[in-house]
Amino acid sequence: MRRARPPKRRSGAIRHPWRSRPNSTIPALASLLIAASAAIPLALGALHLFYTHRGRMLFPRDEELVEDMKRTALVITRETTVWRAWIGFNTTHSMSLILFGLFYGWLALAAPDVLFGSWFLKLVGLGMLAAFVALARRYFFRVPFRGVVLATALYLAGLTIAVI
């Protein structure tokens with residue numbers, strides 16, 4: 001009886017030490033730039049979540065306003081107060097930043113071929129970062145604005161290097 005031959009190994013890509021994986025066509029630097037980009041919203045979101053639930057960094061400076069927020073119901077429902085909605089909005093805002101950072105960081109490091117091979121994923125990531133920039137510019141202060149601008153620049157650099 002003849003022994004079955006092992007399947008032939010396909011050599012689809014040339015091996016280069018600067019590539020992210022041995023058979024990948026994605027430069028490691030592109031993946032690292034996207035991962036660095038993702039780390040910024042992740043860090044901002046984690047810090048925001050911490051400040052939402054610990055300390056007074058995200059409290060209004062006016063103590064009477066805090067008490068008014070705790071007593072006042074929203075127009076849409078009497079089931080919650082402005083204060084509870086404030087905590088919930090801040091928490092979900094933090095979670096979206098954390099999710100973005102985890103998802104795009106994981107894609108960049110663990111599945112770069114999936115990320116760089118999908119125009120949809122690349123455009124969603126860029127669109128989210130652009131939205132974060134616009135929101136931070138309009139509603140927040142310098143630190144988050146500069147952070148998401150840097151994240152967007154790193155993301156664009158990673159996309160550019162992946163194409164080159």
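The largest pocket has a volume of about 640 Å³. A pocket here is an open set of points on a 1 Å grid over the protein atoms alone, where a 1.4 Å probe fits, with protein on both sides within 12 Å along at least five of seven lines. This is a predicted model: local features need pLDDT of at least 70, side-chain atom pairs count only at pLDDT 80 or more, and totals for chains, interfaces and linings use all residues. Numbering runs from 1 along each chain as its sequence is written, and side-chain values use heavy atoms, without hydrogens and water.

The lining comprises 22 residues, each with an atom within 4 Å of a point. H48, L58, F140, F141 and P144 lie nearest the pocket centre. By class, the lining has 19 nonpolar, three polar and no charged residues. Helix α3 gives the largest share, seven residues. Helices are DSSP runs (H or I, at least four residues). These each supply at least two lining residues:

| Helix | Residues |
|---|---|
| α1 | 28–53 |
| α3 | 82–110 |
| α5 | 119–139 |
| α6 | 142–163 |

The axes of α2 (residues 63–71) and α3 come within 5 Å and cross at roughly 95 degrees. The two helices are therefore roughly perpendicular (65 to 115 degrees). V66, M69 and K70 of α2 meet V82, W83 and W86 of α3, with heavy atoms within 4.5 Å counting as contact.

Mean pLDDT (predictor's confidence, 0 to 100) is 89 for the protein chain, and 85% of residues reach 70 or more. Over residues 12–20 the pLDDT is below 50.

Terms used. Grid points are joined across faces, edges and corners, and a volume is the space filled by probe spheres set on the points. Ala, Val, Leu, Ile, Met, Phe, Trp, Tyr, Cys and Pro count as nonpolar, Asp, Glu, Lys and Arg as charged, and the others, Gly among them, as polar. Axes are lines fitted to C-alpha atoms, for helices over the stretch in contact, and angles run from 0 to 180 degrees between N-to-C directions. Angles under 35 degrees count as roughly parallel, over 145 as roughly antiparallel, 65 to 115 as roughly perpendicular and the rest as oblique.
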